[in-house]
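Hi,

Here is the structure I promised to hand over. Have a look at it first, and then read on for what turned up when I went through it.

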Amino acid sequence: MKGIVWPRFSHGAVMVFRRDFLAWVKYYKSSLLLNFGEPLTNLLALGFGLGMYVAKMDGVPFVDFIGPGLLAVTAMNAVTFDTTFGAYDRLNVNGVYESMVTTPLSAGEIVAGEFLWEACRSLLYGTVFFIVLLALGLVHSWWSLLLPLPLLITGALFSAPALFVATKAKNNEQLFYYFSLVITPMFMFSGVFFPLSKLPVLIRDLILITPLVHVVDIVRALILGHPTDSLWVDAAVVVAYTVGLSILPATALKKRLTG
Amino acid sequence: MLHKTAITASDVVRVEGLVKRYGDFEAVHGVSFFVSEGECFGLLGPNGAGKSTTIRMICCLAAIDGGTIQVLELPAFPGNQAIKQQIGVVSQDDNLDPDLTVRENIEIQGRFYGQSAGEARERAQELLVWMQLESKAKAQVRDLSGGMRRRLVIARALMGKPRLLVLDEPTTGLDPQARQLVWAKVRELKSQGVTIFLTTHYMDEAERLCDRLVIMDQGGILEEGPPAEVIARVVGEECLELSGISEDQQVQLARHLGDADVTFSEWQGEIWAVFGSQLDRLLQRWQTLDSSLPRFYRRRASLEDVFLRLTGRDLRE
């Protein structure tokens, strides 16, 4: 298929990753704070507040139910905010990508570097949230030690569409459409706050073709300690999404930078 | 092409019959020129002449719609890493990375060119010293002055030890001191054997720095050659600017233009300008006339005269 560009994982991509890391080091404190305020508030207000009225959800205490879901959302949001607004600036405001392609770097390598960095970011922010859950006594299984794997993939998965949106957006405001039309609905309906089992079949199937619900399933199963065979399906969907979406930003960025 | 010149094997850039289209609009049509090893070559032209498009194609950043470009004997096409590895690009805008310090900005550039951490650190240090930026190594780029930012952009473009350095309007917006420093550094690079490809809107800059240049307009080449030759050919060696004369007076004086080697004369607002060579003969002739000679200013003709002669005085927007 002509014109399709895949991310290219190379020495150059690792250097783009390094660039992102060097930039992050300068503002990590405010970044961590910003990314935790919201999920932590949700956890405390809904988990413990609403949890007093909702006795159990799917067989576990409400706060135990939403904790893992919020962890998955934290990872998704940490990646999405950084990629949309950050990449938009690097592409349209300060010319960082434009400068990169004058060096031997290609658009595919830039995108691969961003994926690598966002995978790590997802791992990092997910892990800090995990420590909060641990401190609150909401972690119930040694299976949790496997969490880094889904977190890394989640980072790459959600950075792909975010980077694509950043490449296509004509102005800063258009990035908010992505949040209000894609990210927020996914957040509300992906089984973070309530199980999908009681929803009408049609709606449930609709939700099941989106990616976040599968990440939530995996994370919850590992933290609560009841992995089932259906996790392989979840994993397959997540990987398929990650691979499939990865061509979008690389192709769009190449067109933008060397069209 | 106006002046065919033999193309030799040591050409760093060789452009032949280059065409670029955007939809129906042909931005570059059939341009040919070459850049020899070790020279400073200038590409001049008003806004919209096709300069930036041509540069982007040479730097492997845009597709070529017709003709060929060879850079360092390799065919240029978007993303040709073999070429990009050997060139350094200073683009028009300051596209420094605002999230990195001065030192990080150029060190990471070395890494993009495949250098090891140690190699990049060493080269970055050398270049910071050379560009007089060492004291600012730890600063954020937003805290730098315009001149410093420009020097950093140039230093960054040199990180990959390029054989060809592309400078797209390197001194736009700089104060005279900063311009002088950039010029000195460009000359120094040239003496080290780096081939330089320059575009600029400052004709004095092109005249000082370029061994050879091309003037483009509307996607084609109008003139080509060393600055002095181009000036002599297009406008002549010198210019007489006469101010405060009436049109009658001008008609009378114009009768004697044949006495010197006049290329052309024209009104430039209130001033009547006469271009050519051996204009002292014209002055002598005029002094023998009855009427007193109006105020005049005699100067060497410049590249700016050539540029305006070729591309017109209308504003380009």
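B:G50 counts as buried, because it has 22 C-beta neighbours inside 10 Å, and the cut-off for a buried residue is 20 or more. Please keep in mind that this is a predicted model. You will find B:G50 in the loop between β3 (40–44) and α1 (51–58) of chain B. Leaving aside residues up to four places away in sequence, B:G50 touches B:A27, B:V28, B:G45, B:M216 and B:G219. B:H29 is 21 residues from B:G50 along the chain, and the C-alpha atoms of the two are separated by 9.1 Å.

Chain B has eleven helices and 14 strands, and its C-alpha trace spans about 80 × 45 × 35 Å along the principal axes. Of its 317 residues, 44% count as buried. If you take the contacts in chain B between residues at least 6 apart in sequence, 67% of them join residues at least 24 apart.

Helix α3 of chain B, residues 102–112, is mostly covered, with ten of its eleven residues buried. Among the buried ones are B:V102, B:I106, B:I108 and B:F112, and also charged-residue positions such as B:E104, B:E107 and B:R111. What do the buried residues of α3(B) pack against? Their partners are α1 and α4 of chain A, together with α4 (117–130) and α5 (146–158) of chain B. Just after α3(B), B:G114 takes a positive phi of about 90°.

That brings us to where the two chains meet. The contact takes 21 residues from chain A and 24 residues from chain B. On the side of chain A that touches chain B, the elements giving two or more residues are α1 (11–25) and α4 (96–100) of chain A. The largest share of that side comes from α1(A), with seven residues. By type, the residues on this side of chain A divide into eight nonpolar, nine polar and four charged.

Further along chain B there is a helix pair worth a look. Helix α8 (residues 227–234) and helix α11 (residues 303–311) of chain B pack at an angle of about 55°, and their axes are 9 Å apart. α8(B) and α11(B) are therefore oblique to each other, and their crossing is left-handed. From α8(B), the contact is made by B:P227, B:V230, B:I231 and B:V234, and from α11(B) by B:L303, B:V306, B:R309 and B:L310. Seven residues of this contact are nonpolar, none is polar and one is charged.

Four strands form an open sheet in the order β12-β13-β11-β14, with antiparallel pairing. The edge strands are β12 (261–268) and β14 (296–300) of chain B, each of which pairs on one side only. From one strand to the next, the twist averages 20°. Strand β11 (residues 238–243) of chain B pairs with β14(B) in the antiparallel sense over five bridges. To see one of the pairings for yourself, go to B:E238: its bridge partner in β14(B) is B:R300.

Happy browsing, and write back with any questions.

Best wishes

Definitions and conventions: Residues are numbered from 1 along each chain as its sequence is written. Chains are lettered from A and ligands numbered from 1 in the order in which they are written. This is a predicted model: local features need pLDDT of at least 70, side-chain atom pairs count only at pLDDT 80 or more; totals for chains, interfaces and linings use all residues. Two strands pair if DSSP finds at least two bridges between them. Axes are lines fitted to C-alpha atoms, for helices over the stretch in contact, and angles run from 0 to 180 degrees between N-to-C directions. Angles under 35 degrees count as roughly parallel, over 145 as roughly antiparallel, 65 to 115 as roughly perpendicular and the rest as oblique. A crossing is left-handed if the near helix is turned anticlockwise from the far one by less than a right angle, and right-handed if clockwise. Two residues are in contact if their C-beta atoms, placed from the backbone, lie within 7 Å. A residue is buried if 20 or more other C-beta atoms lie within 10 Å of its own, exposed if 12 or fewer, and partly exposed in between; C-beta atoms are placed from the backbone.
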